[in-house]
Amino acid sequence: MASIRFIHSADLHLGSPFSGMKGLGAEQWKTLQNSTSAAFERLISYTLETRPDFLLIVGDIYDGEDRNLRAQYRFQLGMEQLNEAGIPVFLSHGNHDHLSGGGASFELPSNVRVFHDSVENMTLTVGGATVKIAGFSYGRRHVTESMIEHYPRKESGVIQIGMLHGSEESDTEHAVYAPFRKEQLRAKNYDYWALGHIHKRQQLSVDPPIVYPGNLQGRHRKESGSKGFYEVVLTDGHADLKFIAAEALRFERISVDCSSVQHMNELFNIVKEQLEAHDAEALVAELELQNLDEATLQMLEDIPNAELVYALREVLSEQQRFVHISTVQLDRNGLPSELSPFGKQLASRLENWESGDWKQALKELYNHPKSGRFLPQLDDGLQEELQAEAVMKIRKMMALEGQR
């Protein structure tokens, strides 16, 4: 089999609103809002620099079905650049940007081949080799039926790639769209399966390669770590994958060793040094303070969590680059103040609360004619703060009860 080289990307989510982020300065907020576009521009720059045989974009180009106009314009400009360089693009629409969505649209250049809502097998000639790429776009937001049976089996003498925006049948963490089983994909005898929809980078199979590149840019704390795309070389049935980071901003959970901390200035210095040394270009950090002794834990528990977060942000305010602390959590493992089984049960229940649960619990407070209008919006950020404060309150109450 001839050797081909291509880029596998997915889940660009251009136009993401980034709701729920609090405490950002004006420039930080601008960086956050532009991060998905900046990551996309890095994908385009790398593609132009390395000149692969083609580029795959496996669903959810846009974050919403109305396809933000500014995001569409930026995407169209990127496709024009690739067209001028003679680089083919194969793209499918996913559940977020399905074909039934409304809003204005831009005409894409001739190098871009868009899949329809039924499975197609497109053909491309690369260096004398015949490459076929099978895939489909979501015609509507919810495609819950399996689509694998509509994918053709590989023909003899061709390089066959499958594009699929979907999830495994057994997935319990995400909404299951276009479900599949690995055995079904293997049965098609394809040379590579380019997946999308799951935002965590992972390889489900080596032979054949069944690969999620993850999304191009993290958008909240659950999408942590480096984000980007894969550069893939297929040679004689073997795949070499190279991950290319593209994120303009990284969400990260960071553990801070506080074993030597006795005073607040020591904590501030340790946090500042660790975040300054982090390799992310821009960083939104969830801090977990570890190895706390009883005295340090007591000192920190006496400080309202929101006040501790704001104070640490102030310490980092002179940073030249974007460094933002979103939350601070105290690791109490092994300490006498460890939650009792009943306390753990309460805390676990709070962790599983959805937005509707918080709204129901705080309904009377927010509907109060005098106090309601002064309360902040009950978004994801506030819910996290309330949860942290509630767990701390449970812990203190349990500790007091144990001393009686």
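**Sheet pairing, backbone geometry and surface of the predicted model**

Strands β5 and β6 (residues 129-135) pair in the antiparallel sense, with seven bridges between them. The structure is a predicted model. Thr125 stands opposite Thr130 in β6. Met122 stands opposite Ile133, also in β6. The two strands form a hairpin with two residues between them. In this hairpin, Gly127 adopts a positive phi near 55°.

Strand β6 also pairs with β7 (residues 159-165). Here the sense is parallel, and the pairing runs over four bridges. Val131 stands opposite Ile159 in β7.

The loop between β9 and β10 (210-212) contains Pro208. The peptide bond leading from Asp207 to Pro208 is cis, with omega near 0°.

Positive phi angles also occur at two aspartates. Asp11 has a phi of about 55°, although it is not a glycine. This residue lies in the loop between β1 (4-9) and α1 (26-33). Its relative accessibility is 0%, so Asp11 counts as buried, the cut-off being under 20%. Asp60 is the other case. Its phi is near 55°, again a positive value in a residue other than glycine. Asp60 is placed in the loop between β2 (54-58) and α3. With a relative accessible area of 1%, Asp60 is buried as well.

The surface carries a nonpolar patch of about 380 Å². Leu69, Tyr73, Leu77 and Phe106 make up this patch. Leu77 is found in helix α3, which spans residues 69-84.

For the chain as a whole, the following values apply. The protein chain has 11 helices and 15 strands. It consists of 404 residues, of which 48% count as buried. The accessible surface comes to about 19,700 Å². Carbon and sulfur atoms account for 47% of that area. Contacts were also sorted by sequence separation. Among contacts between residues at least 6 apart in sequence, 70% join residues at least 24 apart.

In the predicted model, then, β6 pairs with β5 in the antiparallel sense and with β7 in the parallel sense.

Conventions: Residues are numbered from 1 along each chain as its sequence is written. This is a predicted model: local features need pLDDT of at least 70, side-chain atom pairs count only at pLDDT 80 or more; totals for chains, interfaces and linings use all residues. Side-chain values use heavy atoms; hydrogens and water are left out. Patches are made of residues with over 30% relative accessible area and no salt bridge: like charges are joined within 9 Å, nonpolar side chains (Val, Leu, Ile, Met, Phe, Trp, Tyr) within 5 Å. Accessible areas come from the Shrake-Rupley method with a 1.4 Å probe; for residues, only the protein chains shown count as cover. A salt bridge is a side-chain nitrogen of Lys or Arg within 4 Å of a carboxyl oxygen of Asp or Glu. Buried means under 20% relative accessible area, exposed over 50%, partly exposed in between (1.4 Å probe, protein chains only). Contact means heavy atoms within 4.5 Å. Two strands pair if DSSP finds at least two bridges between them.
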